[in-house]
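Please look over the sequence and the structure before reading on.

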Amino acid sequence: MADRHLYEGLLEAKARGEKRLAVLIDPDKTRIRHLDQVVDAASEGGVHYFFIGGSLVVNDMLDTVLAGIRRRCSIPIVLFPGNSFQLSYRADAILFLSLISGRNAELLIGQHVVAAPFLKMSPLEIISTGYMLIDGGVQTSVQYMSNTWPIPANKVDIAVCTAMAGEMLGLKMIYLEAGSGAHNPVPEDMVEAVAGVLHVPLIVGGGIRTPEKATALLHAGADLLVVGSAVEEDPGRIRELAAAVREF
Ligand code: 1GP
């Protein structure tokens with residue numbers, strides 16, 4: 001069942017000072033038995049969303065994964081596509097990502113033109129999102145695949161101005177991304193400075209592995225955290241990460 005009000009829900013949560021947690025599932029990296037464990041742990045832990053996507057989806061597993069999640073729980077499913085091929089009607093919403101930290105026209109507007117007619121016909125809630133890649137201390141898939149430079153982790157002013165411009169352009173959320181498997185998550189001083197100039201919800205992801213780091217990023221002003229690798233390795237970690245977000 002499509003939840004048409006996912007974005008409004010996020011805005012209301014932000015207004016109340018409540019934080020949100022999303023678990024990222026890369027359809028390529030997830031075995032179905034493992035997926036069941038992740039989904040069950042997410043349901044028990046009270047995870048708010050599943051984000052589904054990857055920089056490079058080589059197997060045709062997207063629909064299988066979406067159906068597998070839907071069968072076991074009612075947590076909203078949000079597509080987080082690495083490119084315009086990763087689209088499906090089986091999700092509830094899609095982050096319509098524009099890579100505003102980069103200067104690759106394809107990822108600023110090109111693929112969006114290709115995807116627009118499909119999305120126009122789809123039941124998906126479309127949430128335009130300014131996607132900003134921040135240097136996480138290691139070259140990640142998203143950096144390589146997007147053919148863009150990340151914003152250096154110490155260039156807080158560039159991140160702030162980029163996020164401000166994204167909001168002024170009408171993007172409904174800003175996403176600070178250190179990249180999956182980042183050594184260093186987005187620095188807290190950058191999150192704090194960006195959160196300080198934004199009115200729209202702020203998503204932060206990449207390299208978040210512990211409840212302590214999650215809490216620190218929430219304190220800095222993140223509204224929604226995204227975790228992938230840590231829970232891929234050990235679905236049991238969902239419980240403690242979700243507790244950190246809930247108890248914030
Ligand atoms: C979502 O890409 C991240 O923003 C996920 O990163 O896999 O390092 O948690 P991890």
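A polar backbone atom of glycine 181 lies 2.7 Å from an oxygen atom of the ligand, a polar contact being a pair of N or O atoms within 3.5 Å. At glycine 207 a backbone N or O atom is 2.8 Å from a ligand oxygen atom, and at serine 229 an N or O atom of the side chain is 2.5 Å from an oxygen atom of the ligand. Taken alone the ligand exposes 310 Å², of which the protein buries 97%, with accessible areas computed by the Shrake-Rupley method and a 1.4 Å probe.

The model is predicted: local features need pLDDT of at least 70 and side-chain atom pairs count only at pLDDT 80 or more, while totals for chains, interfaces and linings use all residues. Residues are numbered from 1 along each chain as its sequence is written, and side-chain values use heavy atoms, with hydrogens and water left out.

## The surrounding shell

Around the ligand there are 13 residues, of which Tyr175, Ser180, Gly181, Gly228 and Ser229 come nearest; a residue is near when one of its heavy atoms lies within 4 Å. Strands β6 (173-177) and β8 (224-227) each supply at least two residues of this shell, where strands are DSSP runs of E with at least two residues and helices are runs of H or I with at least four, numbered from the N terminus.

## The whole protein

The secondary structure comes to ten helices and eight strands. The C-alpha atoms of the protein fill a box of roughly 45 × 40 × 35 Å, taken along the principal axes.

Notes: Polar contact = N/O pair within 3.5 Å; in protein donor to acceptor, adjacent residues only side chain to side chain.
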